[in-house]
Each structure stands twice: as structure tokens, then as C-alpha cells.
Amino acid sequence: MPNTSHPEACAPLRADAARNRTKVIEAACEQFRQGGLDIPLEDVAKAAGVGIATLYRRFPTREELIAAVFEELFASYRPVLEDAVGQDDPWTGVVRLVNGLCALQAAGAGLGDLVALRFPSSPAMEQLRLHVESQLEGLLDRARASGQLRPDADLSDLMLIFLGNAEVVRRTAQHAPDAWQRYAALQLESLRARPDAAPLPAPLTAEQRVAVLKR
């Protein structure tokens, strides 16, 4: 019988648990990419090579698993955001943001919710959402002040662009995988300031935006 009276005896179990957690997150990332965020968690467990009970020990709810995957994937999202907000010319930043995030959606169609800025409900994800919103609001403020972004465009318009692109990618991935590029170009043209532009309808309220942003 193994000796469990010393902390060292538990170390292999902790290492196994960490490996299982990593395997589940990696499998979930791929399964969500292929089938979306609502696929059966049994499929994730099978792909990870663990039992469903092991998955639920690590992630008692679907939301916790999605949050863990989102945290991992934010590593690919962050450079696009940082590149956009770091541009000296704010319109260039808006263009790089829209094109960069739409490209990420096209690269992982099942993860369109991440790039559409829709975050699962959890304290960590709420902090991440607020940080992202603050960064994007700053970029849009600069672009409006420069006269290049239409004055009635706001953060909810970016959200709608990315939500729409997620559907474009889903429907065109097999037969026209580059269709998102035309969609992104059209949306950018709609954001550009023009003296003859007709006023937009009212944007989403803050309450509506938060409700849509949360899965």
C-alpha cells in the first residue's frame, strides 16, 4: 500500500490531476472549434481520454469549462487587441481590429463566440470583459475624435459585426472560406465617417449589450 502520510506521496496525484485538466482543456478547445460550445461534454471527455466523472471533477459545470478554454484562447486574441489599440492612427487600429478578429473567427469557426466578445458568466470572465471593453472604447473614442469613424458608431456595433461574422464563417466555411474578408470590408466601410451618411438607428443599451455579451 502506498504511503500517504507524507505530502510527497500525494505529488503524483496532483501531477495527474494537472495533466488531466490540461488534456480536458485541449480537447474542449478542439471539440468546441468543431462543433460549437453546446456539444455534449461526453464528447470532450472521450477526446481527452478521460472519464466523464474526471471531467466533472475538474469542471463541475459547462460554464467553468468554457471559461477555462476562453482563458487559454485569449492568448491568441490579446495580440490583435494590443496591436489595434497601440496604433498611432486610430482608424488603422479599427481596421486591424476588425480584420484580425474576423480572421480569428474564420480560423476557428466553433469559437466564434470568443471573438464576438461573448464571455461566459464568471467573475474572471467579467473582469476580462470589462478590460476588453475599456480598451475598445478608448480606441473608438480616438477614432471618432480623429473624424475617421462615424460619430454615431459605438462598441455595440463592433459586437454586432463579430456576431454577424461568426454566422458568415459558419455558413461559408466549406464552400467559400474567404467570404469573411468581403464581409469585414463591407462592415468597415459602414463605420467610416462620411458627410452624407444617414443617421443610424439607436444602438443597443448598456443592459442589452451586457445581456448579449454573456452566454
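## An all-helix predicted model

Helix H7 is followed by Gly147, whose phi is positive, near 85 degrees. The model is predicted: local features need pLDDT of at least 70 and side-chain atom pairs count only at pLDDT 80 or more, while totals for chains, interfaces and linings use all residues. Residues are numbered from 1 along each chain as its sequence is written, and side-chain values use heavy atoms, with hydrogens and water left out.

**Overall make-up**

The protein has 10 helices and 0 strands; helices (H or I, at least four residues) and strands (E, at least two) are DSSP runs, numbered from the N terminus. From the N terminus on, the order of elements is α-α-α-α-α-α-α-α-α-α. Of the 215 residues, 40% count as buried. Buried here means under 20% relative accessible area, exposed means over 50%, and partly exposed lies in between (1.4 Å probe, protein chains only). The accessible surface comes to about 11500 Å², and 55% of it belongs to carbon and sulfur atoms; these areas come from the Shrake-Rupley method with a 1.4 Å probe, and for residues only the protein chains shown count as cover. Among contacts (heavy atoms within 4.5 Å) between residues at least 6 apart in sequence, 72% join residues at least 24 apart.

The 23 residues of H7 should span 33 Å at 1.5 Å a residue, and the end C-alpha atoms are 33 Å apart, which agrees. The expected span is 1.5 Å times one less than the number of residues. The buried residues of H7 are Met125, Leu128, Arg129, Val132, Glu133, Leu136, Leu139, Leu140 and Ala143. This list includes the charged residues Arg129 and Glu133.

An α-helix has 3.6 residues a turn, so residues three or four places apart point the same way.

**The nonpolar core**

A nonpolar core is a set of buried Ala, Val, Leu, Ile, Met, Phe, Trp, Tyr and Cys residues joined through side-chain atoms within 4.5 Å. The largest one has 52 residues, of which Val44, Leu65, Val94, Leu97, Val98 and Leu158 touch the most other members. H1, helix H2 (41-48), H4, H5, H7, H8 and helix H9 (179-191) each supply at least two residues of this core. H4 gives the most, with 12 residues. In soluble globular proteins, nonpolar side chains tend to be buried together.

**Salt bridges**

The structure holds 9 salt bridges, each being a side-chain nitrogen of Lys or Arg within 4 Å of a carboxyl oxygen of Asp or Glu. Side chains of opposite charge can pair when their charged atoms come close.

| Salt bridge | N to O distance |
|---|---|
| Arg19 and Asp16 | 2.1 Å |
| Arg96 and Asp83 | 2.5 Å |
| Arg144 and Asp141 | 2.5 Å |

Arg19 and Asp16 are 3 residues apart in helix H1 (residues 7-35), so about one helical turn separates them. Arg19 is partly exposed, with a relative accessible area of 47%, and Asp16 is partly exposed at 33% relative accessibility. Arg144 and Asp141 are also 3 residues apart, in helix H7 (residues 123-145), and about one helical turn lies between them. Arg144 counts as partly exposed at 23%, as does Asp141 with a relative accessible area of 42%.

The side chains of Arg96 and Asp83 meet in a salt bridge. This pair links distant parts of the chain, with Arg96 in helix H5 (residues 90-107) and Asp83 in helix H4 (residues 62-85), 13 residues apart. At 40% relative accessibility Arg96 is partly exposed, and at 27% Asp83 is partly exposed. Elsewhere, Glu167, Arg170 and Arg171 are linked in a network of salt bridges.

**Asn99 and the annotated region**

Asn99 lies in helix H5 and is partly exposed at 30% relative accessibility. Leaving aside neighbours within four places in sequence, Asn99 is in contact with Trp180, Ala184 and Leu188. Asn99 and Trp180 are 81 residues apart in sequence and 9.1 Å apart in space, C-alpha to C-alpha.

An unreviewed UniProt entry carries the annotation "DNA-binding region" for residues 40-59. UniProt positions are given in the numbering used here, feature names are shortened, and annotations may be inferred rather than shown by experiment. Over residues 40-59 the chain is 75% helix and 0% strand, with end C-alpha atoms 14 Å apart.
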